[in-house]
Amino acid sequence: MRAGGERVLLVDDEPAMRAVCRVNLELEGFDVLEATEGREALAMALRERPDLVLLDVMMPTMDGFDVARRLQSNPATSRIPVVFMTALAARDDRRRGFEAGAVGYVVKPFDPVYLGETVRHTLDRLAAGDREGLRQELLER
Amino acid sequence: MTAGAWRRHGLAALIAVGGPGLITLLALSDTDQLIPGLLYMLAVASAAAAGGIWSGLVATACSFVPFDYFFTGPGEGFGFTNDDLVALLVFLATAIGVGWIIEREKRARDAAARARRRAEASARAAARLRRAAEALSRAVSPDDVLDAVLTSGVEAAEARAGMIAVLSEDGTDLVPIAWRGFREGLSEQWPRFPVDAPYPMSEAVRTGEPVFIRSRAELDERYPALAMGPDPTYANVSLPLIVDDVAVGGLVFSFGSDQEFDQERRATKIALARQAAQALQRARMYEAVRDAESRVSFLAEASELLSRSLDYQEQMRHLAEIAVPRLADWCTVDVLNEHGGIERVALAHRDPEQTKWGWETHQRVPLRPDSPFGVPFVLRTGEAEFLPEVPKRLLDTAVESEPELAEVLDRVGLRSWICVPLKGHDRVLGALTLVGAESGRVFTRADFDLAAALASRASLAIENALLYREAERRGDAGRALTYVGDAVVLVDRDEVVRYWNRAAELLLGVAMDDALGSRAAEAVPGWRALIAHALPADAETGKLAQSVTVPVVVSGTELWLSVAAVDFGEGRVYALRDRTEEHALEQARTDFVATASHELRTPLAAVFGSVRTLRRDDAEIGDANREMLLSIIERETERLTDIVGQILLADQLGSDTLHVRTEACDLRLLAQEVARAARVRAPEGIAVEVEAPETLPPVRGDEDKLRQVLVNLVENAIKYSPDGGNVVVSVDVSNGNGRIVVRDPGIGIAHADQQRIFEKFTRLDPGLSRGVGGSGLGLYITSELIARMGGTISVDSAPGSGSTFTVELPVEA
């Protein structure tokens, strides 16, 4: 099923990862914006106001948690939902993601075929006003 | 008769005879009566002169009758005439006058004699007092004092016996200290008596006034409580001994007969008592000094004896033997054995029979460890017991709770008690007991102090002996342990180091001499942290000790030491091994697994994601996307191959199985080739430049390995320059060496980390938070390869200012 062109900002320092994710998100009908590191991501989020940010954690110069906190702290970007995509799978890492304000947490490696579906599901629940429910699931997983 | 007396008698005769005679001659007309009258008058005067007035009067009566009958008139019988009356009066006057004079003379003579006798007696008493004073001044013991006093009494044919008693330390009792002349057994009957008892001496001491008793009857009447019984008792005197206005005791004289005590005798006795008191005080001081001297010499002897042997049981036996009877009637030494039991190691009495009995009784009636007093108490608490005079009720209490003691106490006749602990440096090793019994000795504070001094010397001796024994027992094992590679440390229960081998010196940096005898925590900083996690095995259970590896800072360096501990009876043994290198390697391996798996997972995720995407059948991917995904698979697979290759290479380097060829290499060509390949893969914003002179002599090396070095350096330069910029590779020859310099504008490396980066498995950021992937092997491999080609690598960098790596290689000859 094709979506109505919501825009997703994809932040990852690995070009291969970005390419694979972009192809799958576009196949699901999303418009994909790309950033390779934190500061670029912050600038783009402010300029483009994407509907959702898919955010890698381990990146040079600024880690994903920091990027998310900065998005949160700026009123212009604080409502943009953030979903982390990271190899960090420990419980403590999830908690750090939660504390950085995320609404989703996808552990690498994941099957990119279902990435679009995950984004769609998240946006629907947010549209239904279930932001907190999503956040709780993030912790409980 | 003195001249004066003759004169007085002459006068008397003249008055007696001349006066009346003259009157008679004048009065008597009849001359026939004159001669007989004068003769009779002479007789009367003689009688009065010889016998006094009364004999004069008798003589008058006897003279007048014949005078009147024969001479007043022949044949007239007893006719009383005027002449007769005159004669009678004359006779009477003569008798009375002469008698009066004579009697007065006699009274005067008697008074003079009495005065002379009194003076003589006083002189004798004074002489006795003086002699007594002299004797007293020489007296050096209470016995001497009593002798001096009694000698003086006996010389006066007065006292036959005497006794001196002094006030007990608490001032409640009088304790006889010297007896003379009393019957056998009286001293046992009167070991002491209260000051407030209704006895003469008690009263004298109490009031400070002497008590004089003239006879047994008076004694029984005034002091019925004394109840002297059938003993023959006569007069006696009780005198207080007063020094500086304070009664210190009493002196009693007993006489062999009833006596009167006039003022002078009383005064003499009081003076004697005063001198005796002074002498006694002096004697006691002298005794104290002599005691002190004897204590010092005793202590010296004991110390000498204790140092003579290393067998403490033997030492304690000797100690007890010299303590009796000089210091006490009984002496025992008990020690606590390693199981906490009480073991008697010495028991001594002057009489071998008594000693034998003592041992037998001890076997039969052992000490109760939980006893609330005596040796068990002292051993348990480490507090001394000192009872100068053991109260009867205490003994009764003891017997009540431990009936078996009755027999022991009965035979010993315990009177005075000292029990002092033998203390090790902080545990009670044993107890030294001194008992005063049949000798009647009462321990003083000085005795107690001596016992304490003795105990401290004995403790030291025991400790030394125990240490020696321990050392001996460990001797052989110890010699072997000295050369064991692991540090072996033995501490006793107080954590005092008792063994410290060579490896411990090297490992912990503390010399054996400094460590031995010190507390481990004081000798080794960080000791507590070191042993905090050690789980001691118990030598008794036979389980082997588990070792734990903990960090500890020794002389500023962090070491990782494995610690195993084993408890045994007297302490704990620690075996320590330096595992710093193993620990570092282990840590690096752990980090490596984390980083390498991440590093492998990233390209694998890309490959997997690409394949899954290519296989999607729910949507049209498009040719361009398909082509891109396939090239991702190709590239990431290559990357995987590289990583695996690096791991293998590092392993070969580690096991020294890598073959490095030596050939001529063209640095310029190599640099251009690597830069070209890097540009293809470099992210946007990164430029890779090569600076090289037109011609360059070849260097000596392995071309493949050298390419690997260049690739690693350039890839690092790109990877750590996230903000883009120019990565410059320059090659040239300088000082006869070929030189490669790779310069980047990246994040730089802190000075402290610049050496570490060449070590195996080192990534400056094992937490991966910076997100820069890497196996942690790149620079290790690089530096190892360069070293094998005879070259060197160095780095110049600062955080935020980029890094410059410089490789120098020998030029091909």
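Select Asn735(B) in this predicted model, a residue that is exposed, with a relative accessible area of 76%. Asn735(B) sits in the loop that joins strand S21 (725–734) to strand S22 (737–744) of chain B, and its phi is near 55°, which is a positive value in a residue other than glycine.

Staying in chain A, select Lys108(A) together with Pro109(A) and look at the peptide bond from the former to the latter, which is cis, with omega near -10°. Pro109(A) belongs to the loop between strand S5 (104–107) and helix H5 (115–127) of chain A.

For the contact between the chains, select the 23 residues of chain A and the 28 residues of chain B that take part in it. About 2,100 Å² is buried between chain A and chain B, and carbon and sulfur atoms give 65% of that area. On the side of chain A, the residues that lose the most area to chain B are Val23(A), Leu27(A) and Met58(A), which together make up 25% of what that side buries.

Which residue forms a salt bridge with Glu14(A)? Select Arg639(B), whose salt bridge with Glu14(A) brings the closest N and O atoms to 2.9 Å apart; the count between chain A and chain B is four salt bridges. Across this interface, six residue pairs are found in polar contact, both residues being at pLDDT 80 or more. Helix H1 (residues 15–27) of chain A supplies the largest share of the side that touches chain B, namely six residues, and the residues of that side divide into 14 nonpolar, two polar and seven charged.

Finish inside chain B with the largest nonpolar core, which has 46 residues, and select those that touch the most other members: Leu706(B), Leu713(B), Ile718(B), Ile740(B), Ile781(B), Leu785(B) and Phe805(B). Helix H23 (residues 703–719) of chain B gives the largest share of this core, seven residues. Centre the view on Ile718(B), which, leaving aside residues up to four places away in sequence, touches Ala678(B), Ala682(B), Pro683(B), Ile686(B), Val688(B) and Val727(B).

Definitions and conventions:
Residues are numbered from 1 along each chain as its sequence is written. Chains are lettered from A and ligands numbered from 1 in the order in which they are written. This is a predicted model: local features need pLDDT of at least 70, side-chain atom pairs count only at pLDDT 80 or more; totals for chains, interfaces and linings use all residues. Side-chain values use heavy atoms; hydrogens and water are left out. Helices (H or I, at least four residues) and strands (E, at least two) are DSSP runs, numbered from the N terminus. Buried means under 20% relative accessible area, exposed over 50%, partly exposed in between (1.4 Å probe, protein chains only). A nonpolar core is a set of buried Ala, Val, Leu, Ile, Met, Phe, Trp, Tyr and Cys residues joined through side-chain atoms within 4.5 Å. Contact means heavy atoms within 4.5 Å. Buried area is the accessible area (1.4 Å probe) that two parts lose on being put together, summed over both. A salt bridge is a side-chain nitrogen of Lys or Arg within 4 Å of a carboxyl oxygen of Asp or Glu. A polar contact is a pair of N or O atoms within 3.5 Å; within protein, one must be able to donate a hydrogen and the other to accept it, and residues adjacent in sequence count only if both atoms are side-chain atoms. Ala, Val, Leu, Ile, Met, Phe, Trp, Tyr, Cys and Pro count as nonpolar, Asp, Glu, Lys and Arg as charged, and the others, Gly among them, as polar.
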